[in-house]
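Please read them with the structure open.

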Amino acid sequence: MDCFLVIPCLNESERVPVFLQSLCQAIETSGFSVGVQLVDDGSGAEEVERLRKVVAKCRDRFRFVTEVYAMQKNRGKGAAVRSGWALAPDDTKILGFVDADGSVSASETVRLLKEAMSEEGAYLLMASRRAAGAKAHRSLLRKWVAAGFAYLVKRSYGIGVMDTQCGCKFLDAAWFRKHDWEFREEGFGLDLELILKAKATGCRLREVGIAWHEEPGSKVGVADVWTLGKAVLQRRIGS
């Protein structure tokens, strides 16, 4: 399998259907062998059932979409992504994740996958709203928060990644499996933990500018930003 792509979901049964349909169509025409795995992050029984109906409808045409994996309790995006990756077939070359809201469109997701397919060796390829060629449409407040967070990361860890948190990443499956047991972050800190582990192990880092559009209903709240910011300042991620 070329890629196993995880979509972490927390109460996403209303937002994900359109994106999932578009993503599957884009994957079908790409020619790549891709498995798509939705992981529900403890949204509750009723929400899981709604999500399963969404996936079942999609599977009528796209058999590469697997059954929903439902976590028993809410643990966080990082835990959902890693739990999904653990389900990937042994022959998978690339692991990836993309946010369920469609802020990174289906066409951009597949474009990034094509970029990942051209990589060799150990690598972490990251969608970026700040790299060359990026076109990000988001609120001024969100721009300020993102710029502030990037500054904290650079100050605390000395890494020059412009956008650690964009919700679409692809990486070498063999590299991740080698270090899987070393990852600890269960929330939004997984993005930064992946980057820090890549840097520490000689895994190549690459940012690719994308078209990104802010979607309503973000699951990232003030408390999440505060918690993640404190973890960065205290250098608790990757320690």
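Helices here are DSSP runs of H or I with at least four residues, numbered from the N terminus. The model is predicted.

1. Glutamate 108 lies in helix H4. Its relative accessibility is 10%, and buried means under 20%, so glutamate 108 counts as buried. Apart from neighbours within four places in sequence, glutamate 108 is in contact with Ile210 and Ala211.

2. Helix H4 covers residues 106-117 and helix H1 covers residues 16-30. Their axes come within 8 Å and cross at roughly 40°. Angles under 35 degrees count as roughly parallel, and 65 to 115 as roughly perpendicular; H1 and H4 are therefore oblique to each other. Their crossing is right-handed.

3. Which residues of H1 and H4 meet? On the H1 side they are Phe19, Ser22, Leu23, Ala26, Ile27 and Ser30. On the H4 side they are Ala106, Thr109 and Val110. The residues of this contact divide into 6 nonpolar, 3 polar and no charged.

4. H1 also passes helix H2, which covers residues 45-59. The axes of H1 and H2 come within 11 Å and cross at roughly 25°. Since angles under 35 degrees count as roughly parallel, H1 is roughly parallel to H2. The crossing of H1 with H2 is right-handed.

5. In the contact between H1 and H2, Val16, Pro17, Leu20, Gln21 and Cys24 of H1 meet Leu51, Val54, Val55 and Cys58 of H2. These residues divide into 8 nonpolar, 1 polar and no charged.

Key:
Residues are numbered from 1 along each chain as its sequence is written. This is a predicted model: local features need pLDDT of at least 70, side-chain atom pairs count only at pLDDT 80 or more; totals for chains, interfaces and linings use all residues. Side-chain values use heavy atoms; hydrogens and water are left out. Axes are lines fitted to C-alpha atoms, for helices over the stretch in contact, and angles run from 0 to 180 degrees between N-to-C directions. Helices (H or I, at least four residues) and strands (E, at least two) are DSSP runs, numbered from the N terminus. Angles under 35 degrees count as roughly parallel, over 145 as roughly antiparallel, 65 to 115 as roughly perpendicular and the rest as oblique. A crossing is left-handed if the near helix is turned anticlockwise from the far one by less than a right angle, and right-handed if clockwise. Contact means heavy atoms within 4.5 Å. Ala, Val, Leu, Ile, Met, Phe, Trp, Tyr, Cys and Pro count as nonpolar, Asp, Glu, Lys and Arg as charged, and the others, Gly among them, as polar. Buried means under 20% relative accessible area, exposed over 50%, partly exposed in between (1.4 Å probe, protein chains only).
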